[in-house]
Every structure is written in C-alpha cells, then in structure tokens.
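Hi,

Here is the structure I promised to pass on to you. Have a look at it first, and then read my notes below.

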Amino acid sequence: MAFWWPLLVLGAAYAICRFLLMLIPPNVPSIDVDASDVLEDGSQTKENSYIYIPRRGKMAQTDKVQCYEPATMKYLGFFPALTPDEVREHVAQAREAQKIWASSTFRQRRQFLRILLKYIIEHQELICEVSSRDTGKTMVDASLGEIMTTCEKITWLLAEGEKWLKPEYRSSGWSMLHKRAKVEFHPLGVIGAIVSWNYPFHNVFNPMLAAIFSGNAAVIKVSEHASWSGCFYFRIIQAALAAVGAPENLVHIITGFAETGQALVSSVDKIIFVGSPGVGRMIMQKASETLIPVTLELGGKDAFVVCEDVDLPSVVQVAMRGALQSSGQNCAGAERFYVHKDIYTSFVAQIVKLVKSISVGPPLAGRYDMGALCMQEHSEKLQNLVNDALDKGAEIVGRGGFGHLGGDAVDQFFPPTVLVNVNHTMKLMQEEAFGPIIPIMKFSSDEEAIKLANDSNYGLGCAVFSGNQKRAIAIASQLQCGVAAINDFASTYMCQSLPFGGVKHSGFGRFAGVEGLRACCLIKAVVEDRWWPFIKTVIPKPIQYPVSENAFGFQESLVEALYGLNVWDRLRSLIHVVKIVSEQTPKSENLKKRQ
Ligand SMILES: *[C@@H]1O[C@H](CO)[C@@H](O)[C@H](O)[C@H]1NC(C)=O
Ligand SMILES: *[C@@H]1O[C@H](CO)[C@@H](O)[C@H](O)[C@H]1NC(C)=O
C-alpha cells in the first residue's frame with residue numbers, strides 16, 4: 001500500500017516551495033516624502049520659529065489653527081480652519097475618487113499597505129520626532145503608541161483583511177434549504193473621522209487604513225491640538241496612493257474647529273469619533289439629521305486590579321507604563337489602581353520608588369522618561385483633580401521630578417503623582433484624568449475588587465493581574481467594559497484582529513479588528529438559488545393568486561411541517577401539505593366555483 005507516497009512527496013514539495021517563496025523579498029517601491037520643513041534643523045526660517053504664546057482661555061483666532069510645540073512652546077505654524085463649504089468640497093472630491101477605488105483589487109490595496117509599512121519602518125525616527133514635537137511625548141512613547149500599533153494593524157490587514165471582507169456564507173434554514181445565504185461587504189462611500197490629538201500618527205492611520213482597505217474614501221479631521229503633524233503624515237499617505245495609482249483625492253486631512261467637524265459629520269456616509277463623551281453627544285445629534293452610522297470612542301477610566309499572588313516587580317513596571325505612557329494621555333490608560341491589602345504596602349512602596357526616579361522634561365532635549373502634556377491648561381485640570389482628592393482626605397506619597405523645562409513651557413508639564421487614601425467620593429476616581437496620576441486603593445476580596453472596578457460611568461478597558469490566570473479571567477469577566485487585558489496592559493490593542501471600543505459613557509461601536517473593518521462596510525444580506533437553474537422558487541398552487549379556499553389550511557400544515565417540535569406531527573403535516581397541493585383543482589375551475 002504505497003499509493004499515498006506520491007501525495008506525501010507532492011505535499012512536501014509544496015511546503016518547500018511556499019517556504020522558498022517566503023524568502024524572496026516582496027517588490028515594494030519606496031516613496032519620497034518631503035520632510036525638510038518638519039525637522040528641527042531643517043529649512044525652518046527664523047521668522048516662523050519664534051516662541052508662540054497663545055492667549056490663555058479662548059483661542060485668539062478661530063479662522064486659523066495655530067500649532068506650537070507643547071514641550072517648548074515654540075511656534076510651528078498655522079493651518080486654515082475650514083468652512084462648511086470647504087469641507088463639503090473635500091467630501092465631494094473624496095466621493096468621486098471612491099467610485100474609482102471601489103473597483104480596485106485587494107492586490108492593489110495590499111500594495112498600498114506594503115508601501116506605507118516600508119516607509120514607516122525606514123522612517124521611524126522621523127515619524128516619532130514629528131509626533132513628539134506636536135504632542136510633547138517621548139520618542140519611546142511614540143514608538144510604542146504610534147509605530148508599533150500602526151505596523152501591527154497593517155500587518156494584520158495584509159494577512160487577513162481580504163478574508164474578512166469576502167462574502168461570508170451562512171446557514172439558510174429548513175424553509176430555504178434550496179437557497180444559499182451569504183453576507184456581502186461593500187464599501188459605504190466616504191468614511192469621516194474626527195480624531196484626538198494623543199496619537200496624531202496612529203489616530204490618522206487607524207481609520208484611514210480600515211476605510212481604504214475596504215474600498216472607501218476617507219476624510220479625517222485632525223485635532224486642533226495636533227494639526228501640524230497630521231498635515232505632515234498626510235504627505236506620506238498621498239505619496240503611497242500615487243505609487244499604487246490610486247485616485248489622489250481618496251484621502252483628505254482637514255483642519256479646523258467644531259464648525260469644521262460638524263460639516264464633516266453632515267456630509268459623510270459614516271463617522272468615527274474619538275474624543276470626550278460631551279462632544280460625542282453632539283456628534284450623535286448631528287449624525288441623526290442624516291441618519292449615518294456612528295462609532296464613538298469616548299475615553300475611559302480604566303481599572304488596574306492587582307491580586308496578592310502576583311510577581312510584584314514585573315507588575316509594578318507594567319503599572320508604571322499603563323499610567324505614564326504618553327504622559328498618561330491614553331484612551332485606555334490605567335487610571336484607577338486596586339491592590340489587594342496583603343501586598344498593598346509593598347506595591348505602593350515600589351511604585352513610589354520608581355515614580356521618584358522618573359525625570360520629566362522636553363523629550364527632544366535630553367533623555368527623559370516622560371514628556372509634556374499636549375493641551376494647554378491641562379495641568380491645571382489635573383491639579384484640580386488632585387486638590388479635590390486632597391481636600392477629601394487623600395495623600396500624595398510620591399511625585400516625579402522635573403528636568404530643565406525652560407521658562408515658556410513650565411505649565412505644560414505635570415509630574416507623575418501617586419495618591420493613597422483615595423475613594424470613589426473623589427472626582428479623581430470618577431472623571432477621566434488623561435494624565436500621569438496613580439491613585440491606589442486597597443481591596444480585601446475579589447468581590448470587592450469587582451465592585452470597585454465596575455463602579456464607573458466609563459467602561460472602556462481593564463487590566464487584571466493574578467498568579468492564577470483563571471482567577472484574573474474570572475474577575476475581568478465580571479467587569480462591564482469593552483476590552484480586558486489579563487496579566488498585561490493594553491495587550492488587546494496589539495492583537496489587531498480584535499475590536500476596540502467600550503460601553504457606558506465610553507461610547508459604542510468598534511474600530512480595529514474584524515468588527516472595525518466590517519463597520520466601514522454596507523453589510524448586505526443576499527440569498528440566491530443553490531441549484532440554479534434546476535430548482536427555482538415556485539409559489540405553491542394553493543396560495544397563488546387568486547388564492548384557493550384551503551389556502552390557509554395549506555399554510556397551517558406547512559408551518560407545522562417546517563417548525564413542529566414533534567417529528568411525527570411534522571411528517572403528518574408534510575403528507576397533508578403534499579395532499580393539498582396534489583388535490584388542487586385547476587385555476588379556471590377554482591374561479592368558476594367562486595362565482
Ligand atoms: C473617603 O476617604 C477619606 C479619606 O481617606 C475618608 O475620610 C472618607 O470617609 C472616605 N469616604 C467614604 C465614603 O468612604
Ligand atoms: C457593573 O456595573 C453595571 C452598571 O454600570 C451593573 O449593571 C452591573 O450589575 C455591575 N456588575 C457588577 C458585578 O458589579
């Protein structure tokens with residue numbers, strides 16, 4: 001019995017060929033993107049590098065978006081605040097481009113992604129430096145939050161994107177046994193996104209990649225707090241579109257304030273919003289006028305739960321990253337720490353020791369662990385949260401130190417701050433802080449930890465740590481939130497096959513993952529004949545017009561034959577159905593009888 005030998009040889013040959021093919025590097029063209037004006041020592045003239053000191057409170061002008069480096073307050077330039085008419089013009093251009101792109105092949109779309117990936121990997125430093133200048137975050141924070149997340153998303157789309165956008169076959173049930181049921185995923189048209197400033201690179205690429213890969217156009221309004229970098233990143237996208245021969249108007253980056261955003265909501269086919277619950281409500285209200293779908297990611301107040309059976313030093317490092325990544329300006333940053341009473345004292349001691357070693361300063365001027373806050377007056381808001389907690393009995397047990405800040409930007413920095421004796425009466429434990437604050441509370445039982453962690457208006461993410469993985473999973477499964485990391489922080493976002501989004505005031509709808517990709521689509525249910533043209537739909541005689549006298553009797557039997565719980569009743573009804581159909585008098589006689 002050796003007939004399977006050839007098969008084995010063929011199989012092995014196939015595997016070897018696949019492996020050898022993998023070794024051949026794909027042919028991906030490089031793109032040129034002019035970056036001379038965004039580099040610190042580039043072509044920037046003396047005139048436009050003066051120190052920009054905006055008026056506190058209101059923006060001085062509303063027809064221009066003024067950009068400055070938060071860590072130094074150095075002026076970066078301005079961009080126009082687009083009028084509603086201008087926004088509609090951008091969307092109209094995107095709509096025309098999408099009609100062409102809708103018929104692009106997945107092969108072409110993948111090439112677009114590969115070109116971007118190649119550029120990103122070869123220009124990590126440039127991309128991170130631009131992000132760092134515009135937001136104040138460190139190069140390491142930018143690498144983790146901008147580069148890795150985006151590369152992960154591109155890699156996932158390359159590997160699986162097509163699979164999840166192909167028609168998906170579903171069961172068709174008894175009555176439709178002769179049919180084939182499927183779901184098709186068509187582009188929606190123009191996807192609009194209004195994105196936050198905390199990750200100016202990833203927040204632009206994230207909706208753009210999903211929209212373009214699923215055959216849509218994208219118009220993205222970048223935040224007024226991070227427009228400078230967004231406009232540079234746009235050049236990368238344009239160059240990659242040109243390199244694959246895609247229509248040049250397929251992606252637009254627009255700048256402006258609320259009016260610009262509103263006009264975008266009312267002219268696109270779907271809106272993705274990343275921001276606060278307050279603005280989220282306005283977006284939804286505006287979207288109700290045109291009845292377009294919305295995805296709202298409105299931030300969180302994520303709990304970080306630590307049981308007593310953990311390897312403390314490693315969890316403490318994760319906790320620090322969870323709280324201080326991007327100066328704490330993360331949608332899913334760790335904002336509430338619940339630690340088991342048995343290890344509470346040593347957890348606090350280890351956190352305090354590390355926090356005291358943290359050095360805060362302008363990230364491009366030295367080796368700093370943490371950079372600036374992006375938004376003006378944010379440090380004031382953070383201090384108010386801390387003060388409210390102190391007034392109610394909380395205590396600061398550790399703060400990080402400042403490096404050389406320079407006089408103009410001191411207000412843009414906030415030291416990492418550890419608080420104990422906190423509870424849920426304090427605003428610090430209720431409102432999203434979006435800053436490097438670590439409030440730590442004690443718990444005695446898993447039930448108590450669940451109750452505390454779940455006690456929030458927000459429900460974006462959580463992180464639960466225990467030496468016993470089952471116990472951590474059990475705790476996380478009780479929490480009302482959209483993403484849960486077991487013995488890790490933000491690991492769900494690094495698995496780009498997974499959806500991202502929350503419940504409660506954290507919003508609804510999902511971006512990222514299969515769900516986020518399909519959310520860019522018109523989801524169409526299609527039923528076709530399974531054995532066409534041999535078996536076609538024929539309306540049974542008794543219910544053909546004009547209906548026969550026993551039409552309802554026929555229906556009754558048919559229903560029981562299809563759905564009856566008892567197999568014998570079903571068989572009996574089936575026989576009855578067949579009988580009625582075969583006894584059916586020809587139509588002409590039927591008519592005569594009625595008359
Ligand atoms: C909250 O904490 C403060 C300080 O530890 C304490 O004085 C206060 O009684 C606590 N409130 C509640 C409701 O537990
Ligand atoms: C979690 O909170 C929600 C409301 O936010 C509540 O309905 C649910 O019962 C809570 N679950 C637990 C286990 O406390």
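Before we get to the sheets, one term: two strands count as paired if DSSP finds at least two bridges between them. Please also keep in mind that this is a predicted model.

**The six-stranded sheet**

With that in hand, look for the open sheet of six strands, in the order E7-E6-E5-E8-E9-E21, where the pairing is mixed. Its edge strands are E7 (251-254) and E21 (507-508), and each of them pairs on one side only. Strand E6 (residues 217-221) runs parallel to E7, and four bridges link the two.

**The seven-stranded sheet**

There is also an open sheet of seven strands, again with mixed pairing, and its order is E13-E15-E16-E11-E10-E18-E19. Which strands stand at the edges here? They are E13 (395-399) and E19 (483-486); each has a single partner strand, so one side of each is left without a neighbour in the sheet. On average, neighbouring strands of this sheet are turned by 20° against each other, direction ignored.

In case the pairing words are new to you: strands of a sheet pair through backbone hydrogen bonds, either parallel or antiparallel. E13 and E15 (residues 417-420) run antiparallel and are joined by four bridges. Ile 396 sits opposite Leu 419 in that pair, and Gly 398 has Val 418 as its bridge partner in E15. E15 and E16, on the other hand, run parallel, with three bridges between them; there, Thr 417 stands opposite Ile 437.

Are the faces of E15 covered or open? Both are covered: Thr 417 and Leu 419 on one side, and Val 418 and Val 420 on the other, are all buried.

H13 (residues 446-454) lies across E10 (302-306), E11 (334-340) and E16 (437-443), and it runs at about 145° to E16.

Most residues other than glycine have a negative phi, and most peptide bonds are trans. Here are some places to check against that.

- Trp 532 and Pro 533 are joined by a cis peptide bond, with omega about 0°.
- Tyr 545 and Pro 546 are joined by a cis peptide bond as well, with omega about -15°.
- Ala 490 has a positive phi, near 60°, and lies in the loop between E19 and helix H15 (491-494).
- Ala 512 has a positive phi too, near 70°, and is found in the loop between E21 and helix H16 (513-518).

As for where the prolines are, Pro 533 lies in the loop between E22 (521-529) and H17 (551-563), and Pro 546 is in the loop between E22 and H17.

Are the two alanines buried or exposed? Ala 490 is partly exposed, with a relative accessible area of 32%. Ala 512 has 3% relative accessibility and counts as buried, because the cut-off for buried is under 20%.

**The whole chain**

Now zoom out. The chain has 19 helices and 22 strands, and its C-alpha atoms fill a box of roughly 100 × 70 × 60 Å along the principal axes. Of its 595 residues, 51% are buried. Among contacts with a separation of 6 or more, 72% are between residues 24 or more positions apart.

The domain assignment gives domain 1 (78-124 + 145-298 + 516-525), domain 2 (302-495) and domain 3 (538-594). The C-alpha centres of domain 1 and domain 3 lie 52 Å apart.

Cheers

Technical notes: Residues are numbered from 1 along each chain as its sequence is written. Chains are lettered from A and ligands numbered from 1 in the order in which they are written. This is a predicted model: local features need pLDDT of at least 70, side-chain atom pairs count only at pLDDT 80 or more; totals for chains, interfaces and linings use all residues. Side-chain values use heavy atoms; hydrogens and water are left out. Axes are lines fitted to C-alpha atoms, for helices over the stretch in contact, and angles run from 0 to 180 degrees between N-to-C directions. Contact means heavy atoms within 4.5 Å. Domain bounds come from an automatic or database domain assignment. Buried means under 20% relative accessible area, exposed over 50%, partly exposed in between (1.4 Å probe, protein chains only).
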